[in-house]
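Have the viewer open and follow along.

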Amino acid sequence: MPSGQRYWTVLDEDRLAPVPAADEFLRHVRFGRDQAESTTRTYAGAVALYLTWCGCTGRDWTTAAGRLGSFMFWLRYSPGDGTPVVAGPGSEPVRGPRRINTVLAGVREFLAHATTLGTVPAFVLSQLYEVADDRDLPMQARGEGSGLRYYAKARHRAAEPDEPVGRASDEDVLALLRVCRSARDRFIVLLLARAGLRRSEAVGLRREDIHFVLDASVLGCRIPGSHLHVVRRDNDNGAWAKSKRSRAVPVDFLLVQAYDQYVVERDACREARKSDFVLVNLFRAPLGAPMPPGALNDLFSRLSRRAGLADGVHPHALRHGFASNAADAGAVLDEIADLLGHANASSSEVYLHPDPQRLRSAVERVGALAPRRNG
Ligand SMILES: [Zn+2]
């Protein structure tokens, strides 16, 4: 776009021109709803697959929603490049349930948006969603007051295996730190483990966000002590802070020290000195370019392998570890929500994996109480 903002769209295979309905939807997602560029990329991929399936099977895209069940089958076995699906016993799926659900979510958004414009008939909504009551929802998710609440529930969903993100233990973090081969990588590990940043927040950090000084008032900031700011921006590297509001995260000496060491390493690279981004390429081309979010996953796979951690430590597990450590140290839920940048404390609950020792001592504290007698 002339403004410099970018979004993804879907091109017609024959004419290589944007498909109008898809393009309208993706612009709406990017500019009307202020979603990230990466979201339009996911949605564009989903819509392209849906339109390809409609094309292959001769269906009208505006009314094909009634057959999403066969679309799911197609997604499971077709690469989506027009080759016919040959699936039989023992066929290898090309997409897993998680990927299929991501595609379905994008298609639902696309079709639901089209019904609001009138391009797609309204009955399609009832093919996408069913009305469910809240009896099968967890207590926290139900509305207040008595009586059942109703909500729209997606009709089509592939069963996903449950893979909760675990909590990285302090031992895991130490093992990762030991096998780091640069000050930058040590700083990244500590940034996630000691400040609980999301992967995208870490790669989106700018140098001006780092207030590692005792008194930041000269920088125009009144927050006391060393801290960093997580600011929502649209970044070149496809990353942005997920939270709508910015937050300041207090940091400890370990992180400040790791940053000092990283700055020395970073300044030795001429291309890096010109960049505003904190985390930049120092060891591969293009030198000095901001690290893309995926580079952090690669880094953690590499470090896990080197450290002999068989299950691999996912970057997000460090954020879980950070929240759990804060809880183990006595922080209450709304403090943890603030540290993680959650608007709602209930979002933080899934991040808490209490230390078994803390559970034991809670039980022992109860046991130590003297029996209460009347009189
Ligand atoms: Zn500040």
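A nonpolar patch here is built from residues with over 30% relative accessible area and no salt bridge, with nonpolar side chains joined within 5 Å. Keep in mind that this is a predicted model.

With that in hand, which residues make the nonpolar surface patch? Val213, Val218 and Leu219 do, and the patch they make covers about 290 Å². To find Leu219, go to the loop between β3 (210-211) and β4 (227-230).

Now for the charges. How many salt bridges does a search of the whole structure find? The search turns up eight.

| Salt bridge | N to O distance |
|---|---|
| Arg6 and Glu37 | 3.4 Å |
| Arg33 and Glu109 | 3.1 Å |
| Asp328 and Arg167 | 2.8 Å |

Take Arg6 and Glu37, whose side chains meet in a salt bridge. This pair links distant parts of the chain: Arg6 sits in the segment before α1 (20-32), Glu37 belongs to helix α2 (residues 37-57), and 31 residues separate them. Is each partner buried or exposed, or something in between? Arg6 has a relative accessible area of 43%, so it is partly exposed. Glu37, on the other hand, is buried, because its relative accessible area is 16% and the buried class means under 20%.

Next up is the salt bridge between the side chains of Arg33 and Glu109. Why does this pair tie together separate parts of the chain? Arg33 is in the loop between α1 and α2 while Glu109 is in helix α4 (residues 97-117), so the bridge connects parts that lie 76 residues apart in sequence. Arg33 comes out at 32% relative accessibility, which makes it partly exposed. Glu109 counts as partly exposed too, at 26%.

Then there's Asp328 with Arg167, another salt bridge between side chains.

How values were computed. Residues numbered from 1 in each chain as written. Predicted model: local features only at pLDDT ≥ 70, side-chain atom pairs only at ≥ 80, totals over all residues. Heavy atoms only, no water. Patch = residues over 30% accessible without salt bridge, like charges linked within 9 Å, V, L, I, M, F, W, Y side chains within 5 Å. Areas by Shrake-Rupley, 256 points an atom, 1.4 Å probe, with all protein chains shown as cover. Salt bridge = Lys/Arg side-chain N within 4 Å of Asp/Glu carboxyl O. Helix = DSSP H or I, 4+ residues; strand = E, 2+ residues; numbered from the N terminus. Buried < 20%, exposed > 50% of the residue type's maximum accessible area, 1.4 Å probe, protein only.
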